Amino acid sequence: MHIAKLILKNMMRHKLRTSLTVIGIAIAVISFSLLQTVVTAWHAGVESSGADRLVSRHAVSFIFPLPLAYKEKISHVPGVTDVCYANWFGGVYIDKNQFFARLAVSDNYLDIYPEFVVPPDQMAAYRRERNACIIGSQLAERYHLKLGDLMQMDGDIYPGQWEFVVRGIYSPRDKTIDPSNFFFHWEYVDERMKQETPDRAGYVGWYMIKTRDIAENAAISKSVDDLFANSPAETKTETERAFQQSFLAQAGAILTAMNIISFVIIGIIMLVLGNTMIMAARERVREYAVFKTLGFSAFHLTGLIAGESLAIAALGSGIGILISFPATAGFAVMMPKGWFPIFNLEIPTLLLAAAAAISVGLAAAVFPLQRSLRTTIVDGLRQIG
Amino acid sequence: MATASPIVSLNNVSKSYKRDSNVIPVLKNISFEIPEGEFLGLMGPSGSGKTTLLNLIAGIDRPSAGSLTVCGREVSALSETELARWRSNTVGFVFQFYNLLPVLTAFENVELPLLLTKLSKKERREHVELSLKVVGLEDRMHHYPKQLSGGQEQRVAIARAIVTDPSLIVADEPTGDLDKVSAEEILRLIGRLNTEYRKTIIMVTHDPRAAERAHKVRHLDKGELS
C-alpha cells in the first residue's frame with residue numbers, strides 16, 4: 001500500500017459526496033472555460049492586430065468618410081511604407097441575422113494584411129474582374145460557396161442589388177485570424193456611387209497605414225493628423241490595436257462582468273470543495289489522531305488531506321476540460337452565425353481553468369488541515385463518531 | 001534473580017489541564033518505575049488519571065512537570081517530530097475501540113505503521129503476515145473491519161501494535177468493548193505477547209479479571225498512585 005492508495009480510498013469513502021463535488025468542479029471548469037472563451041473571442045481582433053499598422057479615420061466618428069485624396073498625402077509622410085483603404089459595405093446576404101464583415105477595399109489591401117492567405121492565381125483572377133470578391137474559408141464552408149459562384153447582396157449603406165463573383169478563398173494564417181471576411185473592389189462601389197449618388201463617390205471609410213518601424217508609430221500618427229488639421233475632415237490616427245480596442249470599449253462593462261462571473265464561479269466551487277473537505281476532516285478527527293499516534297507527522301497528514309483535496313479538484317477539472325471541447329463547439333454552433341468568427345478554446349484558457357481548479361484544491365485543504373494539525377492526539381482520540 | 005532494568009521511569013510527574021481559566025490537576029507527583037518485560041495493570045475509578053498516565057508514558061501527551069524516561073529516552077524533551085518517530089519505533093498501541101481505518105483491509109491496517117519505515121514492499125508483506133499469524137488472523141487479512149467481529153478487530157489492532165516490533169505495548173481498556181469470550185481471547189493474546197515475545201505491557205483496565213492477567217497492578221485514585 002502507498003499513501004496515494006490511501007488518498008484514493010479516502011476519496012471513495014463517500015462516493016456520492018465525492019461524485020457530486022467532482023461534477024460541481026467539472027461544471028465550474030466548463031462554465032469558466034466558456035466564459036473565458038467568449039471574452040477571448042471578443043478580444044480576437046485586438047490580438048490579431050498588427051503592430052506596424054495604423055488606422056486613420058475621421059476625427060469625429062468612424063461613420064464619417066474621408067476623401068480618397070488623403071491617400072497620396074499620407075503615403076508621403078516619412079516612415080509610411082504603404083497605405084490602403086476600406087469602406088464598410090454592410091448589406092444583407094441571404095439572412096440579415098447572419099453576420100460577417102463585408103469590406104470594399106483598395107487593391108493593395110491584402111498586401112498589408114498578409115494574415116489573409118490567398119493563392120496567387122486566385123489573387124490574379126480577383127484583380128482582373130471588377131465585381132470579384134475574396135471570401136474567408138469559413139464563409140465558403142458556411143454557404144457552400146466555391147470559386148466562380150455568384151453572391152447577391154441587398155445593399156443598405158449602399159442601396160440596391162449587388163452581385164459578386166467569388167474569385168478567391170483565403171485561409172487565415174492562424175487560429176486568431178477571422179476566417180469569415182468578405183473583400184471586394186472599392187472601385188466597384190465607387191463607380192456605382194458616381195452614377196447614382198455622385199456626392200458619395202470618392203470617399204473611403206478609413207485608411208490603413210503600414211509603417212517602417214513601430215517605434216515611429218506615434219510620430220507618424222501625429223504627422224498624419226497634422227496634415228489634415230483644421231480641414232473639413234480631420235483625422236484621428238492610432239494603432240490598429242487601439243482602434244480595435246475602441247470597439248471593445250463599448251462592450252467593456254459586459255466583458256468585465258463576464259470576467260468577474262467566471263472567477264465568481266471558481267470561488268463558489270472553492271466553497272463547495274472546502275465544505276466537502278471540512279466534512280471529511282471532521283468525520284476523521286479520530287483517524288487523524290490514530291495516524292499521529294502511529295508516528296505519522298504533520299507532513300504526512302498534509303499529504304493525505306491536501307492530496308485528497310487536490311485529487312478531487314484535479315479529477316473535476318480534468319473531466320471539465322475534456323467536456324469543455326465539445327461544449328465550446330456546441331456553443332459555437334448554437335450561436336447566430338458570425339457573432340464570433342473566432343471561437344476557439346485556447347490553451348491559456350485551459351491552463352487558467354486547470355490552475356484555478358488546482359488552487360481551489362489547495363485552498364480547500366487549508367482549513368481542514370489547520371484543524372487536524374491543531375487537534376492534539378488526546379483530543380482527537382476522545383472524539384466520538 | 002537479578003532485577004530487570006526499568007523500561008519506564010517516572011519522577012515526580014504531574015499533569016494538569018487548563019479549561020478556560022481553571023487549572024484541573026489530573027496526576028500529582030507520580031514516581032515509579034516499570035521494569036523491562038513487566039505486564040503492569042493500571043486500575044482506578046473513572047477520572048482517576050489512568051489514561052492520562054498511559055498517554056504520558058506512550059508519548060502522546062506531555063507532562064506538566066517532572067521527568068519521564070521511556071526506553072532510555074527523556075520523552076518530555078523530544079520535539080513533536082522526534083516524538084512521532086520515537087513512538088513509531090518504540091510503542092505499540094491498543095485502543096478500546098480498536099481505531100482501525102474502515103477503508104483499509106486488515107492487511108493494510110497492519111501495514112500502516114510500516115509505511116514510515118524503509119522496508120521494501122516484500123519485507124512489509126512478510127512483517128504483516130507474521131503479525132497477523134501471531135494474532136491468528138492470517139486467513140482474514142483481506143477483510144475490511146466491518147467484515148470482522150469486535151474480537152477480530154481488536155486482534156488486527158494488536159497485530160498493528162506489534163508489527164514494528166516495539167519494546168513497549170500500551171493498551172487502554174482493550175477488552176472494554178468486547179463480550180466475555182472475545183475479551184478472554186484478547187487477554188490471552190496480550191499475555192502471550194508478554195511471555196512469548198518479551199514485550200513490556202502496560203494495560204489500563206476497569207475489569208478485575210483483566211487485571212488478574214497482569215504481573216503487577218497499580219491503582220490510581222484522584223491522580224495519585226496507591
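## Strand pairing in chain A

Two strands pair if DSSP finds at least two bridges between them. Strands themselves (E, at least two residues) and helices (H or I, at least four) are DSSP runs, numbered from the N terminus. In chain A, strand 4 and strand 9 (residues 182-185) run parallel and are joined by four bridges. Within this pairing, A:R102 stands opposite A:F182 of strand 9.

Strand 4 (residues 102-105) of chain A also pairs with strand 3 (residues 80-88) of chain A, here in the antiparallel sense and over three bridges. A:N87 has A:A104, in strand 4 of chain A, as its bridge partner.

## Model and numbering

This is a predicted model, in which local features need pLDDT of at least 70, side-chain atom pairs count only at pLDDT 80 or more, and totals for chains, interfaces and linings use all residues. Residues are numbered from 1 along each chain as its sequence is written, while chains are lettered from A and ligands numbered from 1 in the order in which they are written.

## Domains of chain A

Chain A is divided into domain 1 (2-44 + 252-382) and domain 2 (60-233); the bounds come from an automatic or database domain assignment. The centres of the two domains of chain A, taken over C-alpha atoms, are separated by 48 Å.

## Overall form of chain B

Chain B has seven helices and ten strands. Its radius of gyration (taken over C-alpha atoms) is 17 Å, close to the 17 Å that the globule rule gives for 226 residues, so chain B is as compact as a globular protein of that length. The globule rule is 2.2 Å times the number of residues to the power 0.38. The C-alpha trace of chain B spans about 50 × 50 × 40 Å along its principal axes.

Of the 226 residues of chain B, 49% count as buried. A residue is buried if 20 or more other C-beta atoms, placed from the backbone, lie within 10 Å of its own.

## The open sheet of chain B

Four strands of chain B form an open sheet in the order 2-1-4-5, with antiparallel pairing. Strand 2 (22-35) and strand 5 (73-74) of chain B are at the edges with a single partner strand each, so one side of each has no neighbour in the sheet. Strand 1 (residues 6-19) of chain B is joined to strand 2 by ten bridges. B:K18 stands opposite B:V23 of strand 2.

## Helix 5 and B:D172

Helix 5 (residues 150-162) of chain B is largely enclosed by the rest of the structure, because twelve of its 13 residues are buried. Among the buried residues are B:G151, B:R155 and B:I162. The cover over the buried residues of helix 5 includes strand 6 (91-94), helix 4 (121-134) and strand 7 (168-172) of chain B.

B:D172 lies in strand 7 of chain B and counts as buried, with 21 C-beta neighbours inside 10 Å. Leaving aside residues up to four places away in sequence, B:D172 touches B:T51, B:L54, B:F95, B:Q96 and B:V204. Contact here means that the C-beta atoms of two residues, placed from the backbone, lie within 7 Å.

## Where chain B meets chain A

In the interface, 19 residues of chain B are in contact with 16 residues of chain A. Helix 2 (80-90) of chain B supplies the largest share of the chain B side, five residues. The chain B side divides into ten nonpolar, four polar and five charged residues. Here Ala, Val, Leu, Ile, Met, Phe, Trp, Tyr, Cys and Pro count as nonpolar, Asp, Glu, Lys and Arg as charged, and the others, Gly among them, as polar.
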